[in-house]
Amino acid sequence: MLATLARVAALRRTGLVSRRGGGRGLWTGRPQSGTDNMKPLEGVKILDLTRVLAGPYATMNLGDLGAEVIKVERPGTGDDTRTWGPPFVGTESTYFLSVNRNKKSIAVNIKDPKGVKIIKELAAVCDVFVENYVPGKLSAMGLGYEDIDKIAPHIVYCSITGYGRTGPLSQRAGYDAVACAVSGLMHITGPEDGDPVRPGVAMTDLATGLYAYGAIMAGLIHRYKTGRGLFIDCNLLSSQVACLTQVAANYLIGQQEAKRWGTAHGSIVPYQAFKTKDGYLVVGAGNNQQFATVCKILNLPELIDDSMYRTNHLRVQNRKELIKILSTRFEEETTSEWLYLFEGSGVPYGPINNMKNVFAEPQVLHNGLIMEMKHPTAGKISVPVAAPNCIPTSSVRGSPLLHSLSSICHLWRLVMLAIQIRRREAGKRFC
């Protein structure tokens, strides 16, 4: 009896089991005190079968908000990004470290029936199930939405794929650069007269991760209202096409084919990077008043009432002539001199920073965008903080190590005990 009570106490400390019955709320238990320091998703459990970037980025953001994320990896190798480098910190890939904080890692062979059983038992005590396998793969193993829904009708099941669950491209593996190309983003990115360019970070993956993150949050609210989970279908292609916004609308509504503009904008002039004596400055004039201010700062007041540039429509029509005049003037001063002259003008402006300058930028430091944490093997590391400013960072954990099968078996035994306790306390199957 005493041994059982000790195990229950241990489970409650880990959060696998709550002090109260299940119910239909978002949280399986309520804190007894200290609610001021409680994170928004504290008590929510995420079973994360994703790897690389889109899925891990979504679950990391959920973890930052307090959710308990259990990352399931392949035995021996783990997430692909564990090997992506250099750079490495010891044996740890900085790529992996950048998107896997606030998670616990377990290694499970889901091709083995025993591994499938472990995943199902974990799903039964989790609130969210996230995966990014090619459509049909998990269903063939008995881990598709229909399979999980039978044992965990409360589950919010999010599937992230390259192109969607069905359709002619559904069985293709999805990587950011390819989806970026197919979706049209690469077509509109790069120098005006140059080749298509891949964005400097995997924006298609990141956008999909943010869509998944938002949809999961909505799914948890749906579960709170109805007591039932739901299925979420996210994919790289759909996410990136949705992000084309006005570029897509220009074609769909105005039948205007898109083109590359470099740092410039197709519908606003001036709005681009200008070369200075020693670097680059980005300036945007979104209305006539801002354009007039730019002209005054550049000591080119004659342009304000010039019949070729009086309105934005005219400035777009006469882009080449205007940009040539402005570019010549910008090259006459250094970036720091222009920054001084534009300060307080009300015009949007800023330098093109390298990484060193980004993390020395006073506003970046003021916003607290550098998060320091301890890692078991890499030691003290720094990563960019999540953007929402509602997240306390005092309890942030570094990315997890890849754990062995023996630790998984132990965790599974704890999960089984947790299920038994929950059923007994709630008087019914947890839902």
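At 1% relative accessibility, Cys180 counts as buried; buried means under 20% relative accessible area, exposed over 50%, and partly exposed in between, with a 1.4 Å probe and protein chains only. Cys234 is buried too, with a relative accessible area of 7%. This is a predicted model, where local features need pLDDT of at least 70, side-chain atom pairs count only at pLDDT 80 or more, and totals for chains, interfaces and linings use all residues. Residues are numbered from 1 along each chain as its sequence is written, and side-chain values use heavy atoms, with hydrogens and water left out.

**Cysteines**

- The structure has zero disulfides, a disulfide being a pair of cysteine sulfur atoms within 2.5 Å.
- Cys234 is in no disulfide. The nearest cysteine sulfur belongs to Cys158 and is 4.5 Å away.

**Salt bridges**

- The whole structure holds 15 salt bridges. A salt bridge is a side-chain nitrogen of Lys or Arg within 4 Å of a carboxyl oxygen of Asp or Glu.
- One of them joins Asp64 and Arg101, with the closest N and O atoms 2.8 Å apart. Asp64 lies in helix H2 (residues 54-64) and Arg101 in the loop between helix H3 (94-98) and strand S5 (103-107), so the pair ties together parts that are 37 residues apart in sequence. Helices (H or I, at least four residues) and strands (E, at least two) are DSSP runs, numbered from the N terminus.
- Asp64 is buried at 1% relative accessibility. Arg101 is buried, with a relative accessible area of 1%.
- Another bridge pairs Glu68 with Lys104, at 2.8 Å from N to O. It links distant parts of the chain: Glu68 sits in strand S2 (residues 68-73) and Lys104 in strand S5, 36 residues apart.
- Glu68 counts as buried at 14% relative accessibility. Lys104 is partly exposed, with a relative accessible area of 36%.
- Glu333 and Arg329 also meet through their side chains, at 3.6 Å from N to O. Glu333 is partly exposed at 21% relative accessible area, whereas Arg329 is buried at 15%.
- Glu73, Arg82 and Glu92 are linked in a network of salt bridges.

**Helix H14 and Thr335**

- Helix H14 spans residues 335-342, and its buried residues are Thr335, Trp338 and Phe342. Seen down the axis of H14, these buried residues fall within an arc of 65°, so they line one face of the helix. The arc is that of the directions from the helix axis to the C-beta atoms.
- An α-helix has 3.6 residues a turn, so residues three or four places apart point the same way.
- The cover over the buried residues of H14 includes strand S10 (280-284), helix H11 (288-297), helix H13 (319-330) and strand S11 (349-351).
- Thr335 lies in H14 and has a relative accessible area of 10%, which makes this residue buried.
- Thr335 touches Thr276, Asp278, Gly279, Tyr280 and Pro351, not counting residues up to four places away in sequence. Contact means heavy atoms within 4.5 Å.
- Thr335 and Tyr280 are 55 residues apart in sequence and 6.5 Å apart in space, C-alpha to C-alpha.
- Gly344 follows H14, and its phi is positive, near 80°.

**The largest pocket**

- The largest pocket holds about 860 Å³ of space. On a 1 Å grid over the protein atoms alone, a pocket is an open set of points where a 1.4 Å probe fits, with protein on both sides within 12 Å along at least five of seven lines; lining residues have an atom within 4 Å of a point. Grid points are joined across faces, edges and corners, and the volume is the space filled by probe spheres set on the points.
- The lining of the largest pocket has 39 residues, of which Arg51, Val52, Asp80, Asn132 and Tyr175 lie nearest the centre.
- S2, helix H5 (137-141), strand S7 (156-161) and helix H7 (176-182) each supply at least two residues of this lining. The largest share, three residues, comes from S2.

**Thr81**

- Thr81 sits in the loop between S2 and strand S3 (88-89).
- Thr81 is buried, with a relative accessible area of 0%.
- The contacts of Thr81 are Val52, Ser93, Tyr95, Phe96 and Asn100, not counting residues up to four places away in sequence.
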